[in-house]
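Reader: Could you walk me through the pockets of the protein shown here?

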Amino acid sequence: MYALLLRLMFLLPPERAHHLAFAAMRLAARFAPLRVLISRIAVVDDEILHNTVFGVRFRAPLGLAAGFDKNAEGVDVWGPFGWGFAEIGTVTAQPQPGNPAPRLFRLPADRALINRMGFNNHGAAAAAGQLRARTATVPLGANIGKTKVTPAAEAPADYATSAALLGPLADFVVVNVSSPNTPGLRDLQAVESLRPLLRTVLDTVAESGRPVPVLVKIAPDLSDEDIDAVADLALELGLAGIVATNTTIGRAGLRTDAATVAEIGVGGLSGAPVADRSLEVLRRLHRRVGDRLALISVGGIETPDQAYERILAGASLLQGYTGFIYGGPFWTRRIHRGIAERLRRDGYTSIAEAVGAGDRAALGRKESDSR
């Protein structure tokens, strides 16, 4: 059924289809009998999946990535639809319209999307109003970014405005310095720019009266050396974790006709083509930080096998967006059931035991071979 629905939805412009689908989900979540029915189908409440990460209790590991619920309008939707948590945003200090449309494109042959939304959102004050009214039963993260018109030198204060408004209302804060769609934003990933920005956000959250964990989200296009530098900085500053990875500006290996891709133009590519690099970055981060930081893996996850592979590679939590678009409303159920089955198959009693186990096993084999 969903395959047919997806074909019908793909007859509409992507952004229009997104708004219609999101509106339908919000309506369904407001109607109590339908919400209960959806929850019974979608929610997988299996104790083997329960985990506490950076002090927050998660009943399931797969969360909604930032970008879908930009204005925190669906905070009470995600629990009934089976998500373990959700990340709202990206939210900026000031409202902004984002880039001109069209700015969202489908690549069905690659099970991928390209977007150049440009942080379109109603601003941090509006999102804070939505969070105050929430009755959400799953943890919520606030993804914050730089207002487009804010000069790079003033970025720390811009992020601090959003952190002050949203930090006390969220369960964690993610500092987004990795979207390719705001000019100059990715330059903030350089350690000399990132250090004062993150310190300012950490200080702001600490002074808010309700300190929450702070994470940073990085791009898959960083060099390995820069990934190491960000990991070291996160440890130095006492961040709670790293979200890896955002969309890529790369276009290598796509099945979609090259002329079509060129016609689409600039933007961040998400979905299946990002999977390999996202996994590489996760493994590198885990080998660098071990269990000293929580790692949230996002990018190209579509199947239970891929999700489980990320956990074994060091991810305490997972996120999806494009996989949800192509997988359907009960995609979360398939992922969570699949992870639980694989954990039991391999003899684990909890998901926490499996986090990073693949890397530990690989390291043990390497040490054994070197003797």
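Author: Helices (H or I, at least four residues) and strands (E, at least two) are DSSP runs, numbered from the N terminus. This is a predicted model, where local features need pLDDT of at least 70 and side-chain atom pairs pLDDT 80 or more, while totals for chains, interfaces and linings use all residues. Residues are numbered from 1 along each chain as its sequence is written, and side-chain values use heavy atoms, without hydrogens and water.

Reader: Which element gives the largest share of the lining of the largest pocket?

Author: Elements giving two or more residues to the largest pocket include β4 (85–91), α11 (322–327) and α2 (14–30). The largest share, 5 residues, comes from α2.

Reader: How many charged residues are in the lining of the largest pocket?

Author: Asp, Glu, Lys and Arg count as charged; Ala, Val, Leu, Ile, Met, Phe, Trp, Tyr, Cys and Pro as nonpolar; the others, Gly among them, as polar. The lining has 14 nonpolar and 26 polar residues, and the charged ones number 6.

Reader: Which element gives the most to the lining of the second largest pocket?

Author: α1 (2–9), α2, β5 (104–107) and α11 each supply at least two residues there. By class, this lining has 21 nonpolar, 2 polar and 1 charged residues. With 7 residues, the top contributor is α2.
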